[in-house]
Amino acid sequence: MIKRTIQSLMAAIVLAVAMPLSAQAAEPVDDTAALAGVEEAKGVFQIDFTEAEKTAFYLEIIRGTHANFVRQGLEPDLVIVFIGPTVQFLTTETGDDVADPATLMRIESEVARLAELGVRLEVCAVATEVFGVDNDTLFEGLDLTGDGFVAMIGWQAQGYHPVTMF
């Protein structure tokens with residue numbers, strides 16, 4: 001039984017090492033069909049998460065989405081609107097009881113990177129009031145908007161396509 005377990009473990013390790021190598025050798029996957037005839041990449045993301053780790057993860061994913069548009073010849077025009085409890089993760093005054101400090105640093109770093117790329121990042125003032133976040137302590141690169149729902153509707157009315165996130 002132990003021998004079989006060791007063999008299974010070794011096979012899993014071989015696969016884990018070999019799969020990334022074979023993926024690198026393959027042609028890059030792209031979005032040719034979806035982007036056929038598309039001349040502008042305007043999207044608005046609404047982030048309403050209760051977990052700091054999930055927030056950090058999705059900010060990294062959005063940065064990758066930006067890079068994928070650029071790689072495929074489109075200049076992305078992206079907006080992120082933060083609402084709800086997520087605003088607790090966007091301040092320099094967050095306590096350790098809200099989230100792991102390392103995760104909060106990842107979020108702050110991603111906010112800076114996205115802002116540097118030209119992604120507009122808006123924080124709902126209604127949410128900062130409800131969750132007791134001082135607007136003067138928001139990370140650099142974040143813009144305060146009056147109401148996140150109004151912002152979402154406004155961006156959509158301007159032709160920004162909403163991106164669903166769970």
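Let's start with burial: of the 166 residues in this protein, 34% are buried. Buried means under 20% relative accessible area, exposed over 50%, and partly exposed in between, with a 1.4 Å probe and protein chains only. This is a predicted model, so to speak of local features we need pLDDT of at least 70, side-chain atom pairs count only at pLDDT 80 or more, and totals for chains, interfaces and linings use all residues. Residues are numbered from 1 along each chain as its sequence is written, and side-chain values use heavy atoms, with hydrogens and water left out.

Surface next. The accessible surface is about 10,200 Å², and carbon and sulfur atoms hold 58% of it. That area is Shrake-Rupley, with a 1.4 Å probe.

Now the layout. We have six helices and five strands. The order from the N terminus is α-α-β-α-β-α-β-α-β-α-β. These are DSSP runs: helices are H or I with at least four residues, strands are E with at least two. Of the contacts with a separation of 6 or more, 76% join residues 24 or more positions apart. Contact means heavy atoms within 4.5 Å.

On to the sheet. It is open and parallel, in the order β4-β3-β2-β1-β5. Which strands stand at the edges? They are β4 (142-145) and β5 (161-163); each has a single partner strand, so one side of each lacks a neighbour in the sheet. From one strand to the next, the twist averages 30°. A pair needs at least two bridges in DSSP. β3, residues 120-124, and β4 have four, in the parallel sense. One detail there: Leu 121 has Leu 142 in β4 as its bridge partner.

Helix α6, residues 148-157, lies across β1 (41-47), β2 (76-82), β3, β4 and β5, at about 165° to β1. Axes are lines fitted to C-alpha atoms, for helices over the stretch in contact; angles run from 0 to 180 degrees between N-to-C directions.

Last stop, α4. Buried in α4 are Thr 103, Leu 104, Ile 107, Glu 110, Val 111 and Leu 114. Why do they sit on the same side of α4? Because they cover an arc of only 120° around the axis, taken from the directions from the helix axis to the C-beta atoms. Their cover includes α3 (52-71), β2, β3 and β4. On the other side of α4, Met 105 and Glu 116 are exposed. Just after α4, Gly 118 has a positive phi of about 95°.
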